Amino acid sequence: MPSKDQILEFIQGSDRLVGKREIAKAFGLKSQEKITLKRILKDMAEEGMIDGKKTAYHRMGGVPKVTVLRVVEIEDGEAIAEPENWSPDSPEKPPRLTLVEKKNRAALKRGDRVLARTEETGPGWLAYPMKKLPARTDGLMGVVEINTAGKAWLAPVDKRVRNSSPISDLGEAEEGELVIAERTGRSPRAGVKVVEVVGDPLAPKSFSLIAIAKHGIPHVFPEAALDDAKLAAELTLSDEHREDLRSVPIVAIDPADARDHDDAIWAEPDDEGGYNAIVAIADVSYYVRPGGALDKEARKRGNSVYFPDRVVPMLPEILSADVCSLKQDQDRAAMACHLHIGPDGKIAKWRFTRALVRLTRNIAYEDAQAQIDDGSAPNYLQHLWGAWTLLNAAREAREPLNLELPERQVRLNEAGQIEEILVKERLDAHRVVEDFMIAANVAAAKALEAKTAPTVYRNHEQPSREKLISLREYLETQGLKLALGQVITPSLFNRMLKDVADEDEKALIMEAVLRSQMQAYYGPTNTGHFGLSLGSYAHFTSPIRRYADLLVHRALVDAYKLEQPAPGTDKLPKASGLADRDRTNLGQITDAISQTERRAMEAERDTVDRYVAAWLSNRVGETFPTRITGVQGFGFFATIEGLGGDGLVPVSTLGREYFRFDEAAKALVSESSETRYAVGDKLELKLAESNPLTGSLKFEVPDSEGSSIEQRGSRDDRGSKGRGKFVKPRRGRPGNIRHQGRRRKK
């Protein structure tokens with residue numbers, strides 16, 4: 001018989017699952033010896049030598065050869081995971097495994113679950129993902145509910161999670177409170193225990209907290225990072241190694257409620273019909289140096305996340321809202337991009353310096369626009385608008401993708417309660433700043449290319465063939481054609497939109513074109529920016545809130561020998577350029593910050609949805625003018641015009657008619673009448689449900705006679721039928737759905 005140590009050594013050394021059968025076979029054990037082996041394995045488990053089950057043992061405190069892991073952190077572009085089924089009663093902390101990902105697979109993000117093969121090495125544990133598993137309840141945040149039997153349940157606040165979880169340990173939580181919980185066992189049915197009470201789930205502050213917990217956004221700075229930030233804030237500034245631009249009337253134009261100020265601009269006409277300009281950007285690389293605790297936390301966050309009631313900053317507020325932020329009448333460190341704008345609006349020359357600036361003005365977009373409109377603008381604003389007319393002319397000649405889509409804004413009062421929800425107004429002042437920033441970003445990319453330096457590009461690839469085929473099929477239902485044999489350019493879509501006279505139809509086509517676009521991302525290899533119609537593009541202008549921009553600043557520091565030491569302290573890293581590990585690991589870093597950007601976008605959108613649902617929660621039963629934004633076999637989605645807030649109309653509520661789903665036309669079509677629900681149709685809908693906790697809305701077709709659909713059929717249909725009114729389906733038993741056309745592969 002093998003000894004216990006020999007059995008343990010065999011279990012640890014095997015490259016596959018080891019159970020009782022594999023042990024018996026390895027040591028040549030016969031029938032009676034197998035009974036003895038069973039007793040030995042039981043003793044080893046009781047003694048804490050091994051764990052697992054008879055078909056798969058592993059060392060106690062170790063990890064099974066094949067197991068389910070949950071990603072808990074992204075560190076320097078690498079996914080770090082822990083065993084999902086680690087017993088909460090185990091005296092040892094769960095081991096952390098570094099996931100070795102294949103290059104052709106989508107990058108993992110925090111919260112992902114994978115089935116993986118594990119391996120214990122000298123430095124630690126490695127895991128090789130075999131397949132990605134479906135997500136379980138995210139965040140474990142919810143509201144405490146008590147049923148009639150007195151049993152406590154956790155009602156989820158994520159609209160993707162349908163089932164409540166039993167609460168085994170309520171702690172100090174009370175019914176109706178928003179709480180954070182954790183699982184008490186391996187199975188969801190084992191229940192959860194409350195670990196933190198957040199408070200009133202309908203308090204406005206809770207909406208952003210829900211998003212922070214759900215998406216796993218880091219929001220508490222570790223002490224080491226805060227200590228670094230305090231040291232950095234004490235760094236001295238002088239003009240000895242900086243270009244002194246304090247006499248230049250540089251101005252920052254930002255939202256009225258801006259929490260930080262990354263950028264400021266100046267322009268002055270030259271004698272040749274062009275302009276000299278400066279784009280001054282906060283010199284964050286001077287304060288946040290690679291390798292320290294502050295830099296590590298900034299990289300982990302990737303970007304700031306903006307909610308209506310708060311910001312989760314990438315950098316501690318002593319830097320993001322104060323020392324780094326460009327403020328009126330205060331000396332600030334800046335990275336200055338000097339531009340020469342030719343009479344044709346093209347950037348003829350550029351250079352980068354580290355500078356000292358003293359802003360003439362911080363001004364809101366609305367105030368700057370008002371001064372331009374009423375003629376009271378000072379020269380420094382008039383010159384900016386003059387330079388912008390040239391930049392704008394060059395932009396129009398370049399023909400970037402022109403999609404002006406509405407953006408919702410939530411305004412809160414001093415008590416944090418919703419004051420109004422509106423669509424942001426798009427002003428020329430916004431376009432002025434935007435075009436100056438684009439010019440500086442292009443200059444940064446080209447300046448680094450000129451030195452063959454490492455570059456973090458902002459890439460936006462042209463639409464994939466699959467997306468273009470789907471767009472073509474939809475456009476055909478609207479009487480428009482898209483030939484796939486031609487070169488696809490942004491100007492092609494612009495001309496298509498220009499030919500659509502009806503504004504409602506144009507908005508509809510814009511949304512379809514937007515859905516066909518690829519997601520922008522960061523990467524060390526240049527693939528161009530399709531949407532902006534640019535060959536090279538980098539993000540340089542927002543280093544307070546984006547780690548990508550900070551990397552670009554560091555690359556410029558190295559490429560153009562702009563290094564400056566950290567005077568007055570030996571506790572911060574000396575270099576402010578790129579670290580060696582960043583040069584060799586840029587692909588992993590850009591993958592990670594692309595993920596954090598998507599995480600922030602989802603969290604911000606979820607939070608606005610919750611605010612909209614809260615705003616509408618007292619208006620359930622009212623009817624609203626809506627427009628259909630999406631159609632599926634199970635129903636259609638509609639949004640309230642002028643407000644936003646997407647809600648579902650389930651097909652089961654449409655009455656006794658049978659509807660088939662026309663996938664190409666994105667429409668539900670009745671088989672017994674002319675009733676048709678298609679993307680773009682306008683109709684009055686009744687708000688049936690509004691859930692602020694999940695941000696979800698549900699609509700119903702109203703019962704009143706005369707409710708109508710303003711149908712947006714194809715142009716050919718409109719030529720013969722016009723805009724007809726259609727009788728709504730009668731309510732009754734749930735309607736069935738039949739599908740036609742090709743099925744998409746899941």
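Reply: Begin with charged side chains. Side chains of opposite charge can pair when their charged atoms come close. In this predicted model, a network of salt bridges links Asp239, Asp244, Arg246, Asp331 and Arg358.

Me: How many salt bridges does a search of the whole structure find?

Reply: The search gives 34 salt bridges. One of them joins Asp295 to Arg554, with 2.9 Å between the closest N and O atoms. Asp295 belongs to helix H7 (residues 293–301) and Arg554 to helix H15 (residues 547–559), so this pair ties together parts that are 259 residues apart in sequence. Both Asp295 and Arg554 are buried.

Me: Which residue forms a salt bridge with Arg299?

Reply: The partner of Arg299 is Asp582, and their closest N and O atoms are 2.7 Å apart. This pair links distant parts of the chain, with Arg299 in helix H7 and Asp582 in helix H16 (residues 580–584), 283 residues apart. Arg299 and Asp582 are both buried.

Me: Take Arg627 and Glu641 next. How far apart are the closest N and O atoms of their salt bridge?

Reply: The closest N and O atoms of Arg627 and Glu641 are 3.9 Å apart. Arg627 sits in strand E26 (residues 623–632), while Glu641 is in the loop between strand E27 (635–640) and strand E28 (646–650), 14 residues apart.

Me: Why does Arg627 count as buried, and why is Glu641 called partly exposed?

Reply: Compare each relative accessible area with the cut-offs: buried means under 20%, and partly exposed lies between that and the exposed class, over 50%. Arg627 has 11%, so Arg627 is buried. Glu641 has 33%, so Glu641 counts as partly exposed. Across the protein chain, buried residues make up 51% of the 746 residues.

Me: Now a charge patch. Which residues form the negative surface patch?

Reply: Asp257, Glu366, Asp367 and Glu425 form it. Of these, Glu366 is found in helix H9 (residues 365–374). Glu366 is partly exposed because its relative accessible area is 42%.

Me: How should I read one helix?

Reply: An α-helix has 3.6 residues a turn, so residues three or four places apart point the same way. Look at helix H4 (residues 204–215), whose buried residues are Ser206, Phe207, Ser208, Ile210, Ala211, Ile212, Lys214 and His215.

Me: Which elements do the buried residues of H4 pack against?

Reply: They pack against strand E8 (141–146), strand E11 (178–183), strand E18 (311–312) and helix H17 (586–616). After H4 comes Gly216, with a positive phi near 65°.

Me: Which residues other than glycine have a positive phi?

Reply: Glu399 is one of them, with a phi of about 55°. Glu399 is in the loop between helix H10 (379–398) and strand E22 (408–412), and its relative accessible area of 31% makes it partly exposed. Lys666 also has a positive phi, near 50°. Lys666 lies in the loop between strand E29 (659–662) and strand E30 (667–670).

Me: What does the secondary structure of the protein chain come to?

Reply: The protein chain has 18 helices and 35 strands. Of its contacts with a separation of 6 or more, 67% are between residues 24 or more positions apart. Its accessible surface comes to about 35,900 Å², and 47% of that belongs to carbon and sulfur atoms.

Methods: Residues are numbered from 1 along each chain as its sequence is written. This is a predicted model: local features need pLDDT of at least 70, side-chain atom pairs count only at pLDDT 80 or more; totals for chains, interfaces and linings use all residues. Side-chain values use heavy atoms; hydrogens and water are left out. Patches are made of residues with over 30% relative accessible area and no salt bridge: like charges are joined within 9 Å, nonpolar side chains (Val, Leu, Ile, Met, Phe, Trp, Tyr) within 5 Å. Accessible areas come from the Shrake-Rupley method with a 1.4 Å probe; for residues, only the protein chains shown count as cover. A salt bridge is a side-chain nitrogen of Lys or Arg within 4 Å of a carboxyl oxygen of Asp or Glu. Lys and Arg count as positive and Asp and Glu as negative; His and the chain ends are not counted. The place of a charge is taken as NZ of Lys, CZ of Arg, CG of Asp or CD of Glu. Helices (H or I, at least four residues) and strands (E, at least two) are DSSP runs, numbered from the N terminus. Buried means under 20% relative accessible area, exposed over 50%, partly exposed in between (1.4 Å probe, protein chains only). Contact means heavy atoms within 4.5 Å.
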